[in-house]
Amino acid sequence: MEAGDGKEESPQPMGLSSFQLSEEYGFLLPKPLTELPPPYSPWMDIAHELPQLIASHQLRARIHQMPQLNTQHLQGREELHLAHLVLSFLTMGYVWQEGEEGSMKVLPRNLAVPFWEVSQALGLPPILTHADFVLANWRRKDPSGCWLPCRNLEPIISLPGGESLRGFILVTLLVEKAAVPGIKATIQAIHALQHLDDERLHRALQGLAAAIGDMDKALQRMHDYVDPAVFYTVIRIFLSGWRDNTAMPHGLLYEGVSEQPMAFSGGSAAQSSVLHAFDELLGIQHSQESTTFLHRMRDYMPPPHRAFIRDISQAPSLRQHILSSADLRLREAFNHCITALVDFRSHHIAIVTKYIAVAKVRAGQEEAGSIGKPPAALEAKGTGGSHIFIFLKSVRDSTREGLISA
Ligand code: HEM
């Protein structure tokens, strides 16, 4: 990361862009493409009809009829991201169309080979990631209209789940957007540390705490837009992966790519770079087990975002600086960041309780099959494969341990 140029509050755009971070949109892809060039219409045509094709059990047949397209005509980051988004959604639909018991263990070569090639080009795994589901999956309905309210936003590609699926994607998007000032404050804080500029550091920490508070407010909107029963019984399975999942114990065979099945975790906001970056800046030490899981999730991030987190972890230690400083205002601002992060994580646990634990009990009480059959293999595990509540509480509690006492 480069040093600032004297204009204190705005980090160098160069510093942001070298990590494929946008001044306005942070980790979100700033202007996602919504269509691929004409040769790729066989993919796009299926992708635009995905929820209906899955509901009518026709997706697998349509994918079998798809030609095997050459990926060499895809140009630039935007086209590659849209291709990965489309192929990952097709793959999730193909594998899970008939639910957990009817999952497919082989991905046909006309889908597997291009998906593998696009994944290699982007440095992403060949499965749906947070980068697909959220970062590259948004468009304005009215291109000249503003971001908020949510009504002007919609996902480019959908899965079953109707308005709840839309809400789940868009609320997560709003959390990413609310994080943007916090990402810039993170860079400011590192510049300030490098230059031993405590005034600037203090302002950066205040900015970071405010941004985490705004992320928390955005997160709460999940309650307004997403129905727990639809999330639990319809949406969740399509985010599931083939690693740490007893429904796919041997992984997925990517035909034409490898002789052996491969195992990848499903999509999860644990793959969002935001909290990884904040944890590194604040020097939060998670348990070994949680750290192993979270670090594995970094393999599911675009490589430049991974590099951003790595560079923060290699920067001078903020925590050591605060501990050795006599400036109580700094300590207070640092602790505000920690408290805001604990609150965010506590509210997230409340959401997970409502959308998974309580929804599971309610689904058990409903007539079997009234909405959909929830995946049994995911009852105690997240789509990323973690043991949900042990993991989330450990991560929240180790965040709290980051407080520096007076
Ligand atoms: C209905 C909404 C949500 C549910 C049910 C949910 C569920 C989960 C689960 C089960 C995990 C454990 C990891 C795994 O195996 O996947 C997790 C982790 C995580 N989720 Fe969510 N999540 C939701 C919304 C969000 C949103 C909107 C964000 C914000 C971007 C978010 C951020 C995270 C983060 C950062 C982690 C990693 C643990 C941490 O750092 O605290 N989640 N989530």
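Which residue is the only protein donor of the iron atom of the ligand? Select His348: its NE2 atom sits at 2.1 Å from the iron and is the only protein donor there. Donors here are N, O and S atoms within 2.8 Å of the metal (3.2 Å for Na, K and Ca), and water is not among the atoms, so sites may look incomplete.

Before moving on, a word on what you have open. This is a predicted model, in which local features need pLDDT of at least 70 and side-chain atom pairs count only at pLDDT 80 or more, while totals for chains, interfaces and linings use all residues. Residues are numbered from 1 along each chain as its sequence is written, and side-chain values use heavy atoms, with hydrogens and water left out.

Stay with His348 and colour helix α17, residues 328-365, which holds it. Helices are DSSP runs of H or I with at least four residues, strands are runs of E with at least two, and both are numbered from the N terminus. His348 is partly exposed, at 28% relative accessible area; buried means under 20%, exposed over 50%, and partly exposed in between (1.4 Å probe, protein chains only). Beyond its neighbours within four places in sequence, His348 contacts Leu219 and Leu392, where contact means heavy atoms within 4.5 Å.

Next, select Leu196, in the loop between α9 (180-194) and α10 (198-220). Leu196 is not a glycine, yet its phi is positive, about 50°. With 66% relative accessibility, Leu196 counts as exposed.

Last stop: Asp244, in the loop between α12 (228-235) and β4 (253-254). Asp244 also has a positive phi, about 55°, without being a glycine, and is partly exposed at 38% relative accessibility.
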